[in-house]
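Open the model in your viewer and keep the selection tool at hand. The tour goes stop by stop.

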Amino acid sequence: MTEVNNDVMKKLERDWRSMIFISHDFFHRWRMVLEEKYGAEETADLVNRFWESVGEGTAESYLKRGRDTANLEQIAMSFVRASLVMGENARLAKDGDDILVIHDACPWIDSYKDYGAPGQCQEGCDKWFETALKTISSDFSIQTDSCLAAGESTCTRRYSKKN
């Protein structure tokens, strides 16, 4: 019975990994169609609005679960968990009173490059993280300290309590 369960789990994991890449394809083809119709500048605005909407949805999910909106570490950990689900390699670290969400690897870097938009992922991620955090709680701020797409060794976002 365990062997059957292991096979089922392996298939589910394979299917989930495939779905991650399928969702990237959906996103990039949508982005490319927008660019054909509206041009690069308008598309960039629409893509940012897309990521803003995703951030709103992430925050709504967090809030619906009744999680603590005053616990910065718990909030940041939810972003780590979301990142892991999306196939990213993410972890949490502390730096004094700040919480760092660190991505050591991310499939978005390659998918943006593969679809002709290298380096454009940071703006969308920044918008997603920023919107989700401010929707969850206005008591905290976020800044990007480093970015894989810019050639740095990690994408690191710093979560801080506002003074």
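Before the first stop, one term: a helix here is a DSSP run of H or I with at least four residues, and helices are numbered from the N terminus. The model is predicted.

**The whole protein**

Start with everything in cartoon view. The protein has four helices and four strands. Along its principal axes, the C-alpha trace spans about 55 × 45 × 35 Å. Now colour by burial. Of the 163 residues, 34% are buried. Turn to contacts between residues at least 6 apart in sequence: 52% of them join residues at least 24 apart.

**Helix 3**

Select 107–114, which is helix 3. Which residues of helix 3 are buried? They are Pro107, Trp108, Ile109, Ser111 and Tyr112. These buried residues pack against helix 1 (2–64) and helix 4. Step just past the end of helix 3 to Gly116, where phi is positive, at about 80 degrees.

Now show the side chains of Trp108 and Tyr112. Both sit in helix 3, four residues apart, about one turn of the helix. An α-helix has 3.6 residues a turn, so residues three or four places apart point the same way. Trp108 has 8% relative accessibility, so Trp108 counts as buried. Tyr112 has 2%, so Tyr112 counts as buried too.

**The aromatic cluster**

Select every Phe, Tyr and Trp. The structure holds 13 aromatic pairs. Take Phe27 and Trp51: their ring centres are 5.4 Å apart and their planes meet at 50 degrees, so the pair is tilted. Phe27 and Trp51 are both buried. Go back to Trp108 and Tyr112. Their ring centres are 6.0 Å apart and their planes are at 55 degrees, so this pair is tilted as well. Ring pairs link Phe27, Trp30, Phe50, Trp51, Trp108 and Tyr112 into a cluster.

Select Asn48, which lies in helix 1. Asn48 has a relative accessible area of 15%, so it is buried. Which residues does Asn48 touch, leaving out those up to four places away in sequence? Glu123, Gly124 and Lys127. Draw a distance from Asn48 to Asp126. They are 78 residues apart in sequence, but their C-alpha atoms are 9.4 Å apart in space.

Next, move to Gly55, also placed in helix 1. At 0% relative accessibility, Gly55 counts as buried. Leaving out residues up to four places away in sequence, Gly55 touches Trp128, Thr131 and Ala132.

**Helix 4**

Select 121–136, which is helix 4. How does its span compare with what 16 residues should give? At 1.5 Å a residue, helix 4 should span 22 Å, and its end C-alpha atoms are 23 Å apart, which agrees.

Show the buried residues of helix 4: Cys121, Gly124, Trp128, Phe129, Thr131, Ala132, Leu133 and Ile136. Then bring up what they pack against. The partners are helix 1, helix 2 (72–85), strand 2 (98–105), helix 3, strand 3 (140–146) and strand 4.

**The cavity**

Last stop: turn on a cavity display. Rolling a probe the size of a water molecule over the atoms shows where empty space is left. A search of the whole structure finds one cavity of 30 Å³ or more. The largest cavity has a volume of about 80 Å³.

Select its lining: Glu88, His103, Cys106, Trp108, Ile109, Cys121, Gln122, Cys125, Phe129, Cys147, Cys155 and Arg157. By type, the lining residues divide into eight nonpolar, two polar and two charged. Which elements each supply at least two residues of the lining? Helix 3, helix 4 and strand 4 (155–161) do. Helix 4 gives the most, with four residues. Leave Trp108 selected as you finish: this residue belongs to the aromatic cluster and also lines the largest cavity.

Conventions. Residues numbered from 1 in each chain as written. Predicted model: local features only at pLDDT ≥ 70, side-chain atom pairs only at ≥ 80, totals over all residues. Heavy atoms only, no water. 1 Å grid on protein atoms, 1.4 Å probe; cavity = no way out; pocket = protein on both sides within 12 Å on 5 of 7 lines; lining within 4 Å. Points joined across faces, edges and corners; volume = space filled by probe spheres on them. Nonpolar A, V, L, I, M, F, W, Y, C, P; charged D, E, K, R; others polar. Phe/Tyr/Trp six-rings, centres within 6.5 Å; stacked < 30°, edge-to-face > 60°. Buried < 20%, exposed > 50% of the residue type's maximum accessible area, 1.4 Å probe, protein only. Contact = heavy atoms within 4.5 Å. Expected span 1.5 Å × (residues − 1).
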